[in-house]
Amino acid sequence: MPDTQALVNDFLNKLKKRKIEGSQATAKQTAELLRSVISQTRVPYTNQAGALIDSVKAVGERLIAANPVELAVGNIVRRVLHIIREEDLSLTNAAMAGLNLSAVSDDEDDADQADHPVLSAAAVAAASRSTLRPPSLQTLLEDVPEATAVPHTTSSGGDSEGKSKSADKSSRSKKLKHDVIEAVNELIQDISTCHEQIAEQAVEHIHQNEVILTLGSSRTVLEFLCAAKEKKRSFRVFVAEGAPRYQGHLLAKELVTRGLQTTLITDSAVFAMISRVNMVIVGAHAVMANGGVIAPIGLNMVALAAQKHAVPFVVLAGSHKLCPLYPHNPEVLLNELRSPSELLDFGEFSDCLDFGSGDGAPLLHVVNPTFDYVPPKLVSLFITDT
């Protein structure tokens, strides 16, 4: 089995060099890495959940720092932390249920009672508080009190009792890791199938003879539109090309390959064409806690055009893109600049880019942001996989 540290370092390099394309791929690989971290973490006899949480937090902080603009990494780290706490609470509640059963049973002997773990008052109180308070995105990173075990002694069999206790603790440790890994596997499966789950809802939103507008390229949007086509819906798609990367060209080609009527337009033509559109359907990079959307560059312009002409603006986003942070949080990086080479040819503009002024400043500055921020008031509907 590969060394965990080597896996972490390799993934960190990919994040720093932006070698992973797309939030879904990033989220899936993050979950798989954290699964490996959990699998190879040695947990103590007491506070097993705390040891797993510390390991995941240590790795998660490094991953988030490697690419702060990829919010899916932090989202998955929070989901895994919540899974650990949830599975630990489930085991604690099961132990409490066994303790209650043993308390009301009159014919159970002392040897059988030794098989039931005895929990401290702090553990019982912590479990009760966690049960009464439902989990939320804002409380995933909150610390919960640690459950500690109280020694349970019997009148005889000290050596065998110690071995039994050790076996019980080891069994519970393995049970916790097994349950957490199984839950993370389910999370990975949900991430892998999020496009299909969102696409299943397409027939409820796209109707006959409608005109749909989108911008750039999104696999979620592609599968959504194709799912409506498979349900015998007849409609036309306007695709804005998504300069300067022109990802809309790829989407238009794929839509035509799958038999959809497609019209490719320039980004600057959105306002001119929006009056003919029935609905705007776009993907998202991340959905913030206030309902704002971090989306590919140019989508704020599309959202403003849709609002001006009272056209519904629909955002498709998997649950791994739902972020519990607000845009004004200091740890949130909303944008990053891409290479100026996507906008112009350095050969043709070399004389403008040279340091020709006396103060050493270049004559031409090129700014190429990656994302737009769409405020929540411009979004009509979110469609997700949950």
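## Ser23 and its surroundings

In this predicted model, the side chains of S23 and E70 are joined by a polar contact of 3.2 Å. S23 is found in helix α2, which spans residues 23–40.

Leaving aside residues up to four places away in sequence, S23 touches E70, A72, H285, H320 and K321. With a relative accessibility of 7%, S23 counts as buried, because the cut-off for that class is under 20%.

## Packing of α1 against α2

Helix α2 also packs with helix α1 (residues 4–16), at an angle of about 160° and with the two axes 10 Å apart. That angle makes α1 roughly antiparallel to α2, because angles over 145 degrees fall in this class. The crossing in which α1 passes α2 is left-handed.

On the α1 side, the residues that meet α2 are T4, L7, V8, F11, K14 and L15. Their counterparts in α2 are T26, Q29, T30, L33, S36, V37 and Q40. An α-helix has 3.6 residues a turn, so residues three or four places apart point the same way.

N13 also lies in helix α1. Its relative accessibility of 40% places N13 in the partly exposed class. N13 and N67 are separated by 54 residues in sequence, while their C-alpha atoms are 9.9 Å apart in space.

## The buried face of α12

Helix α12 covers residues 299–308, and L299, V302, A303, A305 and A306 in this helix are buried. Seen down the axis of α12, these buried residues fall within an arc of 160°, so they line one face of the helix.

The cover over the buried residues of α12 includes both strands and a helix. The strands are β1 (211–215), β4 (279–282), β6 (293–296), β7 (313–316) and β8 (371–374), and the helix is α11 (270–273). After α12 comes A310, which has a positive phi near 55°.

## Backbone features in loops

In the loop between β2 (236–240) and α10 (247–257) lies P244, and the peptide bond from A243 to P244 is cis, with omega near 5°. Y246 is placed in the loop between β2 and α10 as well. Y246 has a positive phi of about 55° although it is not a glycine, and at 36% relative accessibility Y246 counts as partly exposed.

The other loop, between α2 and α3 (48–66), holds N47. N47 is not a glycine, yet its phi is positive, at about 55°. At 24% relative accessibility, N47 counts as partly exposed.

## The chain as a whole

The secondary structure of the chain amounts to 13 helices and nine strands. The chain has 386 residues, of which 43% count as buried. Among contacts between residues at least 6 apart in sequence, 79% join residues at least 24 apart.

Conventions
Residues numbered from 1 in each chain as written. Predicted model: local features only at pLDDT ≥ 70, side-chain atom pairs only at ≥ 80, totals over all residues. Heavy atoms only, no water. Helix = DSSP H or I, 4+ residues; strand = E, 2+ residues; numbered from the N terminus. Buried < 20%, exposed > 50% of the residue type's maximum accessible area, 1.4 Å probe, protein only. Polar contact = N/O pair within 3.5 Å; in protein donor to acceptor, adjacent residues only side chain to side chain. Contact = heavy atoms within 4.5 Å. Arc of directions from axis to C-beta. Axes fitted to C-alpha atoms, helices over the stretch in contact; angles between N-to-C directions. Parallel < 35°, antiparallel > 145°, perpendicular 65-115°, else oblique. Left-handed = near helix turned anticlockwise from the far one by under 90°.
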